[in-house]
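Subject: Structure for your review

Dear colleague,

Please find below the structure for your review. My notes on it follow directly after.

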Amino acid sequence: MSEESNQVEGQDERFARGPVKTYSLMELVRGTSPMVEKGPDDTIFSFPYVAIVELLLVVGSIFVIGFLSLIHNAPLEELANPDLTTNPAKAPWYFMALQELLLHMHPVLAGIVVPGIVILFLVTLPYFDVDRSDSGRWFATSRGAKWVFFTALYTVIVQAALIYFDEVMGLRGLGDASPLTLQIIGPLLFGFVLFVIPLVVIAFKKPTRREVMMVIFTIIITSAITLTISGFLFRGPGMHLYPPWGMPDGYNPWSSL
């Protein structure tokens with residue numbers, strides 16, 4: 001009775017009036033929130049805690065980049081000679097995944113369709129995953145970290161196997177189908193092996209929507225990293241696969257660093 005009367009009179013201790021307060025209750029709306037049953041005393045504000053962490057990251061990043069620029073020289077190459085094409089002609093590291101993808105499928109698919117689907121997924125991801133019950137929690141659920149680890153491991157192994165298969169045999173080794181058909185079968189095969197099989201496996205575990213989105217996101221990020229490493233370290237003259245320590249003609253992938 002006393003608590004109810006205090007609320008009526010505006011004497012709730014959590015929201016007691018004070019001359020230094022700069023906030024007030026403006027409106028009540030229906031719905032749930034992670035802040036339900038949590039008062040101001042249980043809340044960690046973004047300032048100064050998160051701001052200090054972000055400041056330390058910025059200072060640390062500047063320090064690391066400055067240190068690398070001091071110990072490693074990065075001269076520009078000579079002017080391009082139209083009569084002599086560099087072999088291998090590799091893209092910058094941030095486009096290496098796309099260049100690696102171009103080796104395995106039609107340029108329209110590798111340069112427009114596949115990146116477009118990935119960007120569209122990332123843009124619309126917040127609209128698919130609207131559950132706020134696990135907000136601020138790493139890997140969302142107790143099994144999330146395990147699923148992310150095994151999904152990343154699966155993606156690396158399968159991605160490497162597909163790259164090696166396409167280098168050694170290629171889709172042309174599967175039959176006499178037309179190049180257009182093979183360029184359609186290739187992406188479908190890649191997509192089925194990479195995405196469909198993990199999603200079918202976790203479907204038996206009755207995953208939440210966030211867990212499904214997390215698995216898809218892990219596949220995309222791990223694929224991008226695997227393609228980048230493959231293109232940077234394992235592609236030599238003619239963009240063929242070589243071990244980093246066995247590059248012909250004295251080519252060293254680390255020399256471009």
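Pro88 lies in the loop between helix 2 and helix 3, where helices (H or I, at least four residues) are DSSP runs numbered from the N terminus. The peptide bond that leads from Asn87 to Pro88 is cis, its omega being near 0°.

Please note that this is a predicted model, in which local features need pLDDT of at least 70 and side-chain atom pairs count only at pLDDT 80 or more, while totals for chains, interfaces and linings use all residues. Residues are numbered from 1 along each chain as its sequence is written, and side-chain values use heavy atoms, with hydrogens and water left out.

Overall architecture. The chain holds 7 helices and 0 strands. Of its 257 residues, 24% are buried, that is, under 20% relative accessible area, with exposed meaning over 50% and partly exposed in between (1.4 Å probe, protein chains only). The accessible surface is about 19500 Å² (Shrake-Rupley method, 1.4 Å probe; for residues, only the protein chains shown count as cover), and 68% of this surface belongs to carbon and sulfur atoms. Among contacts (heavy atoms within 4.5 Å) with a separation of 6 or more, 67% are between residues 24 or more positions apart.

Helix 4. This helix covers residues 107–128 and reaches 30 Å from its first C-alpha to its last, close to the 32 Å expected at 1.5 Å a residue; the expected span is 1.5 Å times one less than the number of residues. Helix 4 bends by about 35° at Leu122, the bend being the angle between axes fitted to the seven residues ending there and the seven starting there.

Salt bridges. The count comes to 4, a salt bridge being a side-chain nitrogen of Lys or Arg within 4 Å of a carboxyl oxygen of Asp or Glu. Arg210 and Asp129 form one of them, at 2.8 Å from N to O. This pair links distant parts of the chain, with Arg210 in helix 7 and Asp129 in the loop between helix 4 and helix 5, 81 residues apart. Glu211 pairs with Arg143, their closest N and O atoms lying 2.9 Å apart. Glu211 counts as buried because its relative accessibility is 1%, whereas Arg143 is partly exposed at 25%.

Arg235 and Glu167 also meet in a salt bridge, at 3.1 Å from N to O. Here Arg235 belongs to the segment after helix 7 and Glu167 to helix 5. A network of salt bridges links Glu100, Glu167 and Arg235. Glu100 sits in helix 3 and is buried, with 1% relative accessibility. Leaving aside neighbours within four places in sequence, Glu100 is in contact with Ile163, Leu227, Ser230, Gly231 and Arg235.

Backbone angles. Which residues other than glycine have a positive phi? Ala140 is one of them, with phi near 65°; Ala140 is buried, its relative accessible area being 2%. Lys206 has a phi of about 50° and counts as exposed, at 72% relative accessibility.

Yours sincerely

Methods. Helix = DSSP H or I, 4+ residues; strand = E, 2+ residues; numbered from the N terminus.
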